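Reader: Hi, I'm new to this. Can you walk me through the structure below?
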Amino acid sequence: MSRILYAENLRKVYPNGVEALRGVSIEVLEGEVVGLMGPSGSGKSTLLHLLAGLEKPTGGRVYLLDKELTSMDEGELAELRKRYIAFVFQFYYLLEDFNVLENLSLIGELAGIKGAKERALDILEYLRLTHRLKHRPSQLSGGEQQRVAIGRALMLEPKLLLADEPTGNLDLAEGRRIFELFLRLREEKGLSFLVATHNEAMRDYFDRIYRLKDGRLDV
Ligand SMILES: Nc1ncnc2c1ncn2[C@@H]1O[C@H](COP(=O)(O)OP(=O)(O)OP(=O)(O)O)[C@@H](O)[C@H]1O
Ligand SMILES: [Mg+2]
């Protein structure tokens with residue numbers, strides 16, 4: 001299996017002096033669903049942000065499809081990120097002034113893809129949200145909002161989906177449905193996943209788990 005993502009010896013020291021990561025190396029292979037677990041404050045979100053290029057590491061390197069992210073300029077980075085990586089946040093960050101359909105189609109339109117609306121409709125059907133197209137985010141359940149956020153992440157056909165506590169606000173049954181959706185997306189669309197979660201109940205969905213403790217991998 002080919003390697004989608006590889007990070008080598010990542011370190012992150014925040015401006016206030018907090019050492020959030022102290023040398024972390026991880027990889028994600030094509031088609032893998034990989035977990036990132038560890039106590040609060042252990043560095044999970046920081047690691048995901050570095051991997052997505054949302055923040056710069058203090059040290060170490062990130063390779064996406066064997067291209068090195070850390071040495072790219074903002075333009076190159078934005079392009080690569082847009083094409084291959086999608087990020088799903090715990091608190092969805094949906095646009096409240098727009099309905100469900102628009103929350104997806106806007107992403108496609110902003111990126112200049114043709115048929116953004118049709119693509120949004122396809123994805124929403126896939127996510128069983130066709131009956132909610134005209135709803136505003138605040139009119140949806142937590143699980144529905146998380147599915148919209150995932151749908152938005154799928155708009156640009158990523159290879160890798162990074163998710164930070166995607167079930168953190170959901171009950172167990174709804175959380176399981178999100179993970180089952182991840183497995184289906186892996187089967188049907190060949191996506192790979194790196195998912196940070198506190199929730200030990202989701203352990204069995206992962207092919208492999210990296211455990212972080214105090215900014216280091218706990219092995
Ligand atoms: N922007 C920031 N500036 C300074 N310190 C930060 C910043 N973001 C995170 N930290 C610190 O870095 C460490 C790792 O934080 P991080 O958010 O990565 O942990 P986490 O494993 O995601 O925790 P949680 O499970 O609570 O989400 C913590 O000590 C945190 O206080
Ligand atoms: Mg976090």
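Author: Here is a short tour, from the whole chain down to single residues.

Author: This is a predicted model, where local features need pLDDT of at least 70, side-chain atom pairs count only at pLDDT 80 or more, and totals for chains, interfaces and linings use all residues. Residues are numbered from 1 along each chain as its sequence is written, while chains are lettered from A and ligands numbered from 1 in the order in which they are written.

Reader: How many helices and strands does the chain have?
Author: The chain has six helices and ten strands. Helices (H or I, at least four residues) and strands (E, at least two) are DSSP runs, numbered from the N terminus.

Reader: And how compact is the chain?
Author: Its radius of gyration is 17 Å, close to the 17 Å from the globule rule for 219 residues, so the chain is as compact as a globular protein of that length. That radius is taken over C-alpha atoms, and the rule is 2.2 Å times the number of residues to the power 0.38. Along the principal axes, the C-alpha trace spans about 45 × 40 × 40 Å.

Reader: What share of the residues is buried?
Author: Of the 219 residues, 38% count as buried. Buried means 20 or more other C-beta atoms within 10 Å of the residue's own; exposed means 12 or fewer; partly exposed is in between, with C-beta atoms placed from the backbone.

Reader: OK, ligand 1. Which residues are closest?
Author: Tyr14, Ala20, Ser40, Ser45 and Thr46 are the closest of the 13 residues that surround ligand 1. Near means that the C-beta atom, placed from the backbone, lies within 6 Å of the molecule or strand.

Reader: Which element gives the largest share of that shell?
Author: Helix H1 (residues 44–51) does, with three residues.

Reader: Is H1 itself enclosed or open?
Author: H1 is largely enclosed by the rest of the structure, because six of its eight residues are buried. These are Lys44, Thr46, Leu47, Leu48, Leu50 and Leu51. After H1 comes Gly53, with a positive phi near 75 degrees.

Reader: New topic: sheets. In what order do the six strands of the open sheet run?
Author: The order is E6-E7-E8-E3-E9-E10, with mixed pairing. The edge strands, E6 (85–88) and E10 (216–217), each pair on one side only. Two strands pair if DSSP finds at least two bridges between them.

Reader: How many bridges join E6 to E7?
Author: Four, and E6 runs parallel to E7 (residues 160–164). Ala86 stands opposite Leu161 in E7.

Reader: What about E1 and E4, parallel or antiparallel?
Author: Antiparallel: E1 (residues 3–13) and E4 (residues 59–64) share five bridges. Leu5 has Leu64 in E4 as its bridge partner. E4 also pairs with E5 (residues 67–68), antiparallel over two bridges. There, Leu64 has Lys67 as its bridge partner.

Reader: Which residue takes a positive phi in the E4 and E5 hairpin?
Author: Leu65 does, near 45 degrees, and the hairpin has two residues between the strands.

Reader: Last one: where is Arg11?
Author: Arg11 is in strand E1. Arg11 counts as partly exposed, because it has 16 C-beta neighbours inside 10 Å.

Reader: What does Arg11 touch?
Author: Not counting residues up to four places away in sequence, Arg11 touches Leu21, Arg22, Gly23, Pro57, Thr58, Gly59 and Gly60. A contact means C-beta atoms, placed from the backbone, within 7 Å.

Key
Two residues are in contact if their C-beta atoms, placed from the backbone, lie within 7 Å.
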